[in-house]
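Please look over the structure shown here before reading the numbered points.

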Amino acid sequence: MRIVIAGGHGQIALRLERLLSARGHEAVGVIRAAGQADDLRAAGAEPVVLDLESASVDEVAAVLAGADAAVFAAGAGGGSGAARKETVDRGAAVLFADAAERAGVRRFVVVSSMGADPDRAGGEVFDAYQRAKGAADAYVRSRAALDWTILRPGLLTDDAGTGLVALEASTGRGPVPRDDVAAVLAELLETPGTAGLTLELISGAVPASDAVRAAAADGS
């Protein structure tokens, strides 16, 4: 498969690109800065420089043309303020979804956040982040032309992945290594039966491939 990843230089995206390349897929990472390109090439991915905060739908659709799947893994980052949560975590996700529709790419996977809620109260930056993520998720779920899956990991860590997870509609809170998030994303992309599901992810006791197959079976 040819898989285009928004936020291609992110910590989860780079891990996913390595996994996809190792599995024989063609990974394409959308990045903002040309200086990030070598890191993507080292991960086995093709870099495309495009700023999703200023690009048009047609520009993004051109990148997505011919792809088999799209992954939205972009984020404004921990040091950003509320305004960029809106332009990146919501706005760029909406743009990427619209562009996927225009390019005819049905399979669409979103890396969201546990607790994402468009109606979340609170004035902190994290509240704005959860509102933006929740609004983006709601928009993607409204697109009948997309075979979407929304993945909501718990607290992300840089611990070595174990390959063992809990993946359910509701898991309760808990940590999960970024390695294991990437592993689950790779499995989701190869499991079209997970389309239409919003899934929470934390560390657990089930191998990632088995957890994804079980989620697909439960959702069918």
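**Notes on the model**

1. Apart from residues up to four places away in sequence, Ala 97 touches Phe 108, Tyr 139, Val 140 and Leu 146; contact here means heavy atoms within 4.5 Å. Ala 97 belongs to helix H4. Helices (H or I, at least four residues) and strands (E, at least two) are DSSP runs, numbered from the N terminus. Ala 97 is buried because its relative accessible area is 0%. The cut-offs are as follows: buried is under 20% relative accessible area, exposed is over 50%, and partly exposed lies in between, with a 1.4 Å probe and protein chains only. From Ala 97 to Ala 144 there are 47 residues along the chain, and their C-alpha atoms are separated by 11 Å.

2. A word on the basis of these notes. This is a predicted model, in which local features need pLDDT of at least 70 and side-chain atom pairs count only at pLDDT 80 or more, while totals for chains, interfaces and linings use all residues. Residues are numbered from 1 along each chain as its sequence is written, and side-chain values use heavy atoms, with hydrogens and water left out.

3. How many aromatic pairs are there? Rings of Phe, Tyr and Trp (its six-membered ring) pair if their centres lie within 6.5 Å; planes under 30 degrees apart count as stacked, over 60 as edge-to-face and the rest as tilted. By this rule there are three aromatic pairs. One of them is tilted: Phe 96 and Phe 108 lie 5.8 Å apart, centre to centre, with 50 degrees between the planes. This pair links distant parts of the chain, as Phe 96 is in helix H4 (residues 82-103) and Phe 108 in strand E5 (residues 107-111), 12 residues apart. Phe 96 counts as buried because its relative accessibility is 0%. Phe 108 has a relative accessible area of 1%, so Phe 108 is buried as well.

4. Arg 107 is placed in strand E5. Is Arg 107 buried or exposed? Its relative accessibility is 8%, so Arg 107 counts as buried. Neighbours within four places in sequence aside, the contacts of Arg 107 include Asp 68, Asp 147, Trp 148, Leu 188 and Thr 191. Val 71 is 36 residues from Arg 107 in sequence, and the two are 8.5 Å apart in space, C-alpha to C-alpha.

5. Thr 191 sits in the loop between helix H6 (178-189) and strand E10 (197-203). Thr 191 counts as buried because its relative accessibility is 15%. Not counting residues up to four places away in sequence, Thr 191 touches Arg 107, Val 212 and Ala 216.

6. Two further residues have other exposure classes. Ala 42, in helix H2 (residues 37-42), counts as exposed because its relative accessibility is 69%. The C-alpha atoms of Ala 42 and Ala 138 are separated by 34 Å, and the two are 96 residues apart along the chain. Gly 122 is in the loop between E5 and helix H5 (125-141). With a relative accessible area of 39%, Gly 122 is partly exposed. Gly 122 is in contact with Asp 127 and Arg 131, leaving aside neighbours within four places in sequence.

7. Now the whole chain. The secondary structure comes to seven helices and 11 strands. Of the 220 residues, 50% are buried. Among contacts with a separation of 6 or more, 66% are between residues 24 or more positions apart.
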